[in-house]
Amino acid sequence: LAGAGGDGGGNNEVQWCFLQVKGAIDEDVAEADIISTVEFNYTGDLLATGDKGGRVVIFQREQETKSRPLCRGEYNVYSTFQSHEPEFDYLKSLEIEEKINKIRWLPQQNAAHFLLSTNDKTIKLWKISERDKRAEGYNLKDEDGRLREPFRVTELRVPTLKPMDLMVEASPRRTFANAHTYHINSISVNSDYATYLSADDLRINLWHLEVTNRSFNIVDIKPANMEELTEVITAAEFHPHHCNVFVYSSSKGTIRLCDMRSAALCDQHSKFFEEPEDPSSRSFFSEIISSISDVKFSHSGRYMMTRDYLSVKVWDLNMENKPVETYQVHEYLRSKLCSLYENDCIFDKFECCWNGSDSTIMTGSYNNFFRTFERGSRRDATLEASRESSKPRAVLKPRKVCTSGKRKKDEITVDSLDFNKKILHTAWHPMENIIAVAATNNLYLFQEKVN
Amino acid sequence: MLGRGLKRKLSDYEENMAGLSSAFDSSRSLPYPLKRQLVLNMCLTKLQTYKMLVEPNLHRSVLIANTVRQIQEEMRQESSQQPVSICPGIAPAAHSYTGMESPGIPLQLPSGVGQQESHCCDLRSAEDPIENSLLIVSDDDMSSAISSILKDLDFVEDISPPTCLVPTGDDQPKFPENTGLKLEDDRQDLKGAECVFGSFEISNSTSYLKDLAIDDIFEDIDTSMYDSDFCCPPLTPPRSPSLATEEPLKTFPSCNSSSANNIQICRTDLSELDHIMEILVGS
C-alpha cells in the first residue's frame, strides 16, 4: 500500500501539530454536546461527528487555494442536522436515547453523500446533497412563490437555472427500525455497497440498503434461559474486501470470524480468536478488562485490531491462538483496577483506528491523552488534546505518565490523571496524516508537521 | 464511623466504598479473602443498583454477574476443601435480608449493613473498620442477585420468536409455590438453588397477579401449572409487540402502578396471561 503523504518514510517519527478545535470552550459541558462518534468518509474530505443530543455535524475540508498555499485544508462545518430524536417506548416505559452510537459513510456514487447513523434502536440512511442553483422564471408562480393570476400569463417561457448560495441539505432516505431488542453497538457497510450489518448485545442483523421492512438475523447468541447468559456481543465489522466475511467481538475477549456462505445463521464461527490468559496477571477484574470495546480490520484486510481496557492487539487473520502484536495503552492503571471498577471507569469503551497504510494505530486514554503506536519501529507516543497546546501549527509535545516514585518535570502522576477527560473516539484520515480526536464536547484536529 | 449508629446513609456507604477500593489498590497487606469480599460486595451493590433502573445495561450486568460467579466458585471450592470457612463472619444471612422476600423492593443495603454489624461485632474487634463495614453476603443471595437481574433483563419484549416450546398440560409443575421457604435447606446444590431462586421470583409475581380482581374471570381455569413456569418465554405469534400487550393492558386497568419494578413484574404476568389466552382460544 502506498505510504501516507509524508509519513516519514523510514525512521522519522511523525510529529503532530495542532490544526483546529471545534466546540464550546465553556467549562460547563452540556450533556447533549458530548461527541459520541467520529468518522471520516472514504476520501477524507468529509468528517462526521455524532453527539449525545442526536445531532450529526459534518465538516468539509477546504480546498487548498493558490492564495493560501500554506494553509493546508482546514475543516469547516458543511452540514448540521438532527438525526435522531429522543423516543419514549410507552409499552415498556423506556426512554430510547437519541445518542448517536455510530456513523458509517457509504462510498460516494453520485453527487450526493450518504451515511448511516444509528442510536440504540434505529438506523437511518441520510442523504446529504448540495444545491447551488435555483430555477427562475416559472410560468405559474412568482419569484416569491405566489401563484400568478392566470390572465397575467401572456406568454410561455422556459425556466432558467441561476446560481445561488450553496445550500447543503440533509434528508432521511431510509429508516431501519424495530429489528433490535437490545442496544445497537455497531454498524458496518459491506464491500458490496448494497448491504450492511447492525449488531446489538445479543444479535447481528443483515440489511439491504434499499429494504427497510425486513432484515436477516445472522448471529444470535441469546440463550434460551437468560440466566445462562455469560457473554455479549460488543462490536462487529465486515471485512473490507470479502463481502461474505465479518467478525464480531465479545465481552470475554474473543473474536469470531464468520462466513455468510457457509450458513444462513452464522452461530457457528469459521475462526475463533482468543489469547490464552496470562495466569500471572490474573485478578478479580481479569474478565472485565478483557472485554473488547472495538474491533477494526486493517485497510489491507489481512489484520484486525481489538481494543480492550488496557491494551490494543493486532491479530493476523491466519493465526487464531494469539495476536501478533500487543500494545499497552496505560498499563499503569492495572494497579488501580478496583478504584476504576468502583467509579465505573473500567467499563469505558475506547475505540481504535488504523492509519491509511496500516503502519500506525491510534487509541485514546484518560486525561485527554491519546496514544499512537508505530508498528514497524515499535515507537509509541502519548499526546494530549488540550486547549493549552492549541496554537495554530503548534507542535504537540509528547506527554509522559510517571509510574515510579520520582516524578520528573513535565511528567504527570497516575493519581493526578483526570478520569473524566476520556478520549473514546478517534479517527484517522484514510490517506493523509490528519487525525480527529474527540475530547468530550470538543473535536481536535491534528495534522502532520510539514517542514 | 461506627459511632454514628447502626443505620447508615447510602452516601456514607458510597464514600466508604471509594475509600475501600483505593485501600484495595494501594495496600499489599490486605488479606486475599478480604479483598475478595470487598470486590464481591461492590459487585452486588452494583447489581442491586442496576435492578432499580428501568433498563439496566446488559453488558455491564453480564460482566459483573460473571465476576460474582467466579468469586462464588472460588469460595465454594475453598469451603469444600476446608470445613472451617476462612473468613469469620461469612455466616448464612439469608434471613436477615427481608428485602428479598417481597418482589420489586430493592435490597435495603443500609439496614442490611446495620444488621450485619450487630452480628459481626461479637465476632471481631471493632478496631478493624474495613472488616466491619463489609457487607457479608451468603452464597444464595449472590445466586439470586444474578438470577433476578438476568431474568429482569429478559422481560424486554423480544422481537424474535422464542426457540423453545411451551410445556403441555400434562407436565407436572416443576417447582411448588412454597419453594422459597425451603431455600436454606438447598444450600448443597447451589445450581439447583439458582433455578429455585428463579422460580421464587416468578411465583411471587404470579401471586401478585392473583391479588388482582381479574382472578374472577379465570376462576374456572386451572392455572397452577403455569404458576412456576419460568423456563421458557410464552410462545407468541409473530405479530407486532404492540398488539401482543395492548389487549391485556386494556383488560387490566389496575396495572398502572408508579413503580417501574411493578410494571416489569406486571408485564411478565401479562405475557403469561396472553399465553393462557392463546391456549383458551386454541382449544
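Colleague: Which residues of H2(B) meet H3(B)?

Modeller: This is a predicted model, to be clear. On the H2(B) side you have B:Tyr32, B:Arg36, B:Gln37, B:Val39, B:Leu40, B:Cys43, B:Leu44, B:Lys46, B:Leu47 and B:Tyr50. They meet H3(B) residues including B:Ile64, B:Val68, B:Ile71 and B:Met75, along with B:Arg60 and B:Glu74.

Colleague: How do the contact residues divide into nonpolar, polar and charged?

Modeller: The contact of H2(B) with H3(B) has 11 nonpolar, 3 polar and 5 charged residues.

Colleague: And at what angle do the two helices pack?

Modeller: About 145°, with the axes 10 Å apart. The crossing of H2(B) and H3(B) is left-handed.

Colleague: How many residues of H2(B) are buried?

Modeller: 17 of its 21, so count H2(B) as mostly covered. From first C-alpha to last, H2(B) reaches 31 Å, close to the 30 Å expected.

Colleague: Switching topic: how many residues are in the largest nonpolar core?

Modeller: There are 50. A:Phe285, A:Tyr309, A:Leu333, A:Tyr341 and A:Ile346 have the most contacts inside that core.

Colleague: Which helices supply at least two residues each?

Modeller: From chain A, H1 (286-290) and H2 (337-342); from chain B, H1 (10-26), H2, H3 and H6 (139-153).

Colleague: What does A:Tyr309 touch?

Modeller: Leaving out residues up to four places away in sequence, its contacts include A:Ile289, A:His330, A:Leu333, A:Leu340, A:Ile346, A:Phe350 and A:Tyr366.

Colleague: What about the second core, which residues does that include?

Modeller: That one is separate and has 16 residues, among them A:Ala381, A:Leu383, A:Tyr444 and A:Phe446.

Terms used
Residues are numbered from 1 along each chain as its sequence is written. Chains are lettered from A and ligands numbered from 1 in the order in which they are written. This is a predicted model: local features need pLDDT of at least 70, side-chain atom pairs count only at pLDDT 80 or more; totals for chains, interfaces and linings use all residues. Side-chain values use heavy atoms; hydrogens and water are left out. Axes are lines fitted to C-alpha atoms, for helices over the stretch in contact, and angles run from 0 to 180 degrees between N-to-C directions. Helices (H or I, at least four residues) and strands (E, at least two) are DSSP runs, numbered from the N terminus. A crossing is left-handed if the near helix is turned anticlockwise from the far one by less than a right angle, and right-handed if clockwise. Contact means heavy atoms within 4.5 Å. Ala, Val, Leu, Ile, Met, Phe, Trp, Tyr, Cys and Pro count as nonpolar, Asp, Glu, Lys and Arg as charged, and the others, Gly among them, as polar. A nonpolar core is a set of buried Ala, Val, Leu, Ile, Met, Phe, Trp, Tyr and Cys residues joined through side-chain atoms within 4.5 Å. Buried means under 20% relative accessible area, exposed over 50%, partly exposed in between (1.4 Å probe, protein chains only). The expected span of a helix is 1.5 Å times one less than its number of residues.
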